[in-house]
Each structure stands twice: as structure tokens, then as C-alpha cells.
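Here is a short report for a first look at this structure. Keep the sequence and the 3D view open while reading.

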Amino acid sequence: MERMTEADTIFALSSGRPPAAIAVVRVSGPQASAALRALIGKLPPARQAALARVRDPQNGETIDEGLALWFPGPRSETGEDTAELQLHGGRAVIAAVLAALGRIEGCRPAQAGEFTRRAFENGRIDLTRVEGLADLIDADTEAQRRQAFRQMRGMLGDRAEAWRAQLIEALALVEARIDFPDEGDVPEDLTGPALARARELRGEIAQVLADQRRGERLREGLVVAIAGPPNAGKSSLLNRIARREAAIVSPISGTTRDVIEVHLDLDGYPVTFLDTAGIRDSSDPIEQEGVRRARERASGADLVLWVLDASAGGEIAVDMLTREFPSTAKWIVWNKIDAVTLLRIKSLKSVIHRLDYHTYFISALNGSGFAEFLAALSEQARQFLGSTQPALVTRERHRRALEETEAALDRALSEPSPVREDVVAEELRLAARTLGRLTGRVDVEDILDVIFRDFCIGK
Ligand code: GDP
């Protein structure tokens with residue numbers, strides 16, 4: 001991407017695709033006030049909505065009437081001077097306003113994510129909040145929204161910053177021993193208390209990491225593969241699931257013709273269903289590749305629904321089930337119960353009794369047994385994704401950073417006595433830097449600050 005200078009004033013349509021009732025155009029940068037003056041002829045009082053007539057500066061013609069907001073930096077979203085126009089959301093209105101802004105000296109269209117990027121660079125938000133913001137915009141379900149909102153409010157970022165501050169204090173203690181070993185003002189044992197803090201921190205981080213990847217899972221949703229022999233009714237089941245639920249978030253055809261994905265909101269939890277109808281042996285090389293991908297995707301699922309035709313032989317094909325999905329939770333779904341007698345269901349139940357699987361009896365055709373089955377799926381999603389304890393870690397990046405921090409602390413803590421202070425200091429520094437990378441704020445200057453604040457050394 002072309003590197004653009006910070007002195008640029010950027011503008012963009014920040015609301016959704018036109019036409020719409022309202023369109024929000026944002027402007028950020030040193031020319032934001034000039035842009036407002038040029039378009040509405042005044043600067044509204046800071047942070048108060050003002051009714052404004054928007055004119056084309058070239059010919060003075062009124063483009064639209066709307067609301068204008070003025071947020072002088074640094075108390076703005078981006079930390080820069082920011083202006084916001086709320087216009088009527090018609091295509092021509094938006095085009096005219098954007099064109100007028102583009103003609104103002106020093107103004108140019110913003111690149112993707114550039115407002116947030118500036119907010120980050122100006123220290124308004126840390127990296128984890130940036131990620132939370134992105135997740136909030138992408139959130140499809142209530143549970144995802146809650147998690148993203150917490151992340152955006154700094155649930156992880158603030159915690160990481162607090163940990164980093166504690167680490168820097170511990171590091172300051174050790175460094176004071178190293179730098180001023182003979183100073184009378186510096187107490188003898190500073191490394192002991194420093195390591196005690198490190199041990200506490202390590203415990204807290206380990207606790208946060210021991211979350212069964214709840215946060216990452218919630219971002220991705222519960223992945224359910226629908227599998228089983230041909231003609232058992234897999235596609236019919238998926239259709240019923242998709243039709244029954246009003247809230248189909250986004251039905252996406254897989255990259256191959258063999259996997260179809262349906263994204264659903266089940267009681268607030270995101271669930272992705274994969275129809276793996278394509279899992280079968282084939283001699284066609286293109287189809288083989290499709291089958292391979294279908295297998296791969298399905299074997300990574302969190303739950304497999306093994307659909308069987310109750311009206312057919314009643315072969316459970318458990319061998320195939322365990323072969324295809326060795327490590328995944330599996331449920332057996334007997335389909336087509338509309339086409340069999342009660343006696344038959346009874347005998348299937350007795351067979352199933354000996355196998356340790358959750359079993360459901362349904363008809364994808366007329367829907368019998370379906371409500372209970374769907375309720376069980378919702379419950380599974382809730383158990384898998386929900387928790388009274390919100391997860392702090394929502395991405396692999398967070399996990400890696402915390403694991404690296406933990407490893408560095410482990411190394412510092414495993415120094416045999418008498419500890420090598422320089423080794424301890426180096427590991428603490430590394431741990432602090434890793435946390436700094438997590439929030440995007442690595443800064444060594446504050447280490448010195450803490451030293452000079454806590455000890456009167458300079459004299
Ligand atoms: P798939 O190959 O496993 O995806 O199976 P399909 O969903 O294509 O269904 C195979 C056949 O079984 C179709 O003719 C369906 O109409 C029929 N079928 C599916 N579900 C039911 C059911 O619950 N009851 C009955 N009687 N027929 C069903």
C-alpha cells in the first residue's frame with residue numbers, strides 16, 4: 001500500500017451502502033475545520049449537533065441540508081480534528097459532498113481502516129481495542145457482540161497494560177540492583193520481591209490462558225458437519241434447519257461444489273453447518289480434490305451429525321463414522337421416521353443403547369422430532385461457546401503473546417539461586433515487550449521513568 005502522509009486530511013462515507021435514509025461522512029485531519037467552513041460556512045460548537053446547509057464551495061449551490069458535528073482534536077475518535085456530516089443518504093448527495101471535499105486543498109479519500117489506524121497511532125485506542133472494534137462490526141450474534149464490545153472497551157488491553165506496568169516495576173527493581181549494586185540507598189534484596197511479582201503475574205496469565213479457547217471459538221462459531229451415507233437425508237435436514245430458522249445470517253456456497261455452509265444464529269450463538277454430501281469415493285480427479293477438502297473441513301468440525309436413514313437397512317456404519325471423524329464429538333440422527341413403524345424405532349433405540357452416542361429420531365420431511373433436536377443443538381452451542389466467565393483472549397495473536405510472556409516469566413522464575421540478575425532482567429524485559437506488542441505500545445522509556453521515580457538515585 002502506498003504510504004500516505006499523516007498531514008493529509010482524510011474523508012469517507014462512514015455509513016452503509018447508499019441509498020439510505022441517512023449517510024454519515026467523516027473528515028479527519030488538520031483541514032477538517034477548513035472543510036467544514038468551506039461546506040457549511042461555519043464551525044459548529046464543539047461536540048454539539050448543528051443544523052447545516054451544505055453547499056458546493058465551487059458554485060455556492062446548496063447540495064443538501066443535514067447535521068454537522070465538530071470534534072476538535074485530541075478529544076476525538078482519531079485524536080485529530082474531526083468533522084462529521086449527517087446527510088440524506090442518496091447516491092447523488094453523497095457523490096456531490098465527497099467531490100466537494102476532494103477539491104479542498106490537503107483533503108483526500110481515506111483508505112480502508114485509516115480512521116481507526118490514526119486513532120491507534122495517536123494513542124486513542126490500543127491494538128486489542130482495534131480488534132474488538134473490527135469484531136463488533138462483524139458480530140452476527142448476541143454472544144459475539146457482547147464479546148466484541150468487551151474487547152473494544154479494553155477488557156484485554158487494559159489487563160495487558162496493567163500487567164506490563166507491574167512487570168516494568170519488577171524490572172526496575174532488578175535493574176536498580178544491577179546498575180547501582182553498591183548504592184546505600186538501594187536495598188539489598190530487590191530481586192526477591194521482583195520475582196514474587198513475576199510469579200503472581202504468571203499465575204494470572206496462566207489463568208487467562210486456561211479458557212479452552214472460548215473466545216476464539218465464539219468468534220468462529222460452533223462448526224457442525226452433517227455427514228452420513230448417500231440419500232440419508234442430509235441435504236433435506238440442512239434445508240429444514242435453514243428454513244426453520246428465520247435468522248440465516250449468510251448462506252455461503254463452499255469453495256468446492258462439495259461443501260455447503262449455512263451460518264445460523266441459534267439462541268444467540270453462531271453455528272455453522274457444513275453439508276458434506278460430497279464425502280464419498282470417486283475416481284474423477286477434480287471430484288477427488290473436492291472430496292479431500294470436504295473431508296478436511298468436516299474433520300475440523302466441533303460436532304458431527306451422522307445422519308442415517310431409519311427406513312433403510314439400519315446400518316449405522318460406525319466404522320466409517322470413527323474413521324472419518326476420529327476426534328470429533330458425534331451425534332447419530334435417525335432420519336425419515338415418518339416412513340417407519342414405532343416398532344422399528346424401538347428396535348433402533350435398543351441397538352443405539354449399546355453405542356455411546358447422543359441419538360435423535362427425526363423426519364426432515366414432516367419435521368417430527370425436529371424441535372427437540374434443534375433445542376439440543378442450541379444447548380450444545382451454549383455449552384460449547386457460552387460461559388458465565390467472559391474470555392479475554394479472542395484471537396490466536398493474543399494467545400501467542402500471552403504464551404510468550406508466560407514462557408519468559410517461566411525462564412526468569414526458574415533461575416537457580418543465587419539468581420543471575422541480568423538474566424532475570426532480560427526475561428522480564430522480554431515479557432514486558434511481548435505484552436507491549438499485544439497492545440501495540442512498546443516503549444522502553446517508561447522503564448527509566450519508573451527507576452527514577454521510585455528511587456532517589458541522582459542526588
Ligand atoms: P442426502 O443424499 O443425504 O443429502 O439425502 P437427501 O436430502 O437428498 O434425501 C434423499 C431422499 O430422501 C430424497 O428423496 C428426500 O426427499 C428423502 N428424504 C429426506 N428426508 C426424508 C424424511 O424425513 N422422510 C422421508 N420419507 N423422506 C426423506
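## Around the ligand

By class, the shell around the ligand holds 5 nonpolar, 6 polar and 3 charged residues. This is a predicted model. Of the 14 residues around the ligand, Asn231, Lys234, Ser235, Ser236 and Asp338 come nearest. Helix H9, residues 234-244, gives the largest share of the shell, 3 residues.

A backbone N or O atom of asparagine 231 lies 2.8 Å from a ligand oxygen. At glycine 233, a polar backbone atom is 2.9 Å from an oxygen atom of the ligand. Serine 236 uses its side chain: an N or O atom there is 2.6 Å from a ligand oxygen. Taken alone, the ligand exposes 570 Å², and the protein buries 70% of that.

## Two aspartates in loops

Start with aspartate 126. Its place is in the loop between helix H3 (114-121) and helix H4 (127-138). Aspartate 126 is buried, because its relative accessible area is 1%, under the 20% cut-off. Its side chain joins that of arginine 129 in a polar contact of 2.7 Å. Not counting residues up to four places away in sequence, aspartate 126 touches Phe120, Gly157, Thr439 and Arg441.

Now aspartate 302. This residue lies in the loop between helix H10 (285-299) and strand E11 (303-309). Aspartate 302 is partly exposed, with a relative accessible area of 25%. Leaving aside neighbours within four places in sequence, aspartate 302 contacts Gly221, Leu222, Val223, Thr328, Ala329 and Phe384. Aspartate 302 and alanine 225 are 77 residues apart in sequence, yet their C-alpha atoms are 7.9 Å apart in space.

## Salt bridges within a helix

Side chains of opposite charge can pair when their charged atoms come close. A search of the whole structure finds 29 salt bridges. One of them joins arginine 118 and glutamate 114, with the closest N and O atoms 3.9 Å apart. The two residues are 4 apart in helix H3, so about one helical turn separates them. Arginine 118 is buried, at 1% relative accessible area. Glutamate 114 is buried too, at 10%.

Another salt bridge links arginine 164 and glutamate 161. Here the closest N and O atoms are 3.4 Å apart. The spacing is 3 residues within helix H6 (residues 155-179), so this pair is also separated by about one helical turn. Arginine 164 is buried, with a relative accessible area of 7%. Glutamate 161 counts as partly exposed, at 22% relative accessibility.

## A bridge between helices, and a network

The side chains of arginine 202 and aspartate 410 meet in a salt bridge of 2.3 Å, N to O. Arginine 202 lies in helix H7 (residues 191-209) and aspartate 410 in helix H14 (residues 396-413), so the pair ties together parts that are 208 residues apart in sequence. Both residues are partly exposed: arginine 202 has a relative accessible area of 24%, and aspartate 410 has 32%.

Salt bridges can also share partners. In this way Asp8, Glu80, Arg108, Glu114 and Arg118 are joined into one network.

## Backbone details

Look next at two prolines. The peptide bond from glycine 73 to proline 74 is cis, with omega near 0°. Proline 74 lies in the loop between strand E4 (62-71) and strand E5 (82-89). The peptide bond from serine 417 to proline 418 is cis as well, with omega near 0°. Proline 418 sits in the loop between H14 and helix H15 (421-439).

Two further residues have a positive phi. Glutamine 212 has a phi of about 55° although it is not a glycine. Its loop runs between H7 and helix H8 (214-220). Glutamine 212 counts as exposed because its relative accessibility is 54%, over the 50% cut-off. Lysine 336, not a glycine either, has a positive phi of about 70°. Lysine 336 is found in the loop between strand E12 (329-335) and helix H12 (342-353). Lysine 336 is partly exposed, with a relative accessible area of 25%.

Definitions and conventions: Residues numbered from 1 in each chain as written. Predicted model: local features only at pLDDT ≥ 70, side-chain atom pairs only at ≥ 80, totals over all residues. Heavy atoms only, no water. Near = heavy atom within 4 Å. Polar contact = N/O pair within 3.5 Å; in protein donor to acceptor, adjacent residues only side chain to side chain. Areas by Shrake-Rupley, 256 points an atom, 1.4 Å probe, with all protein chains shown as cover. Nonpolar A, V, L, I, M, F, W, Y, C, P; charged D, E, K, R; others polar. Buried < 20%, exposed > 50% of the residue type's maximum accessible area, 1.4 Å probe, protein only. Contact = heavy atoms within 4.5 Å. Salt bridge = Lys/Arg side-chain N within 4 Å of Asp/Glu carboxyl O.
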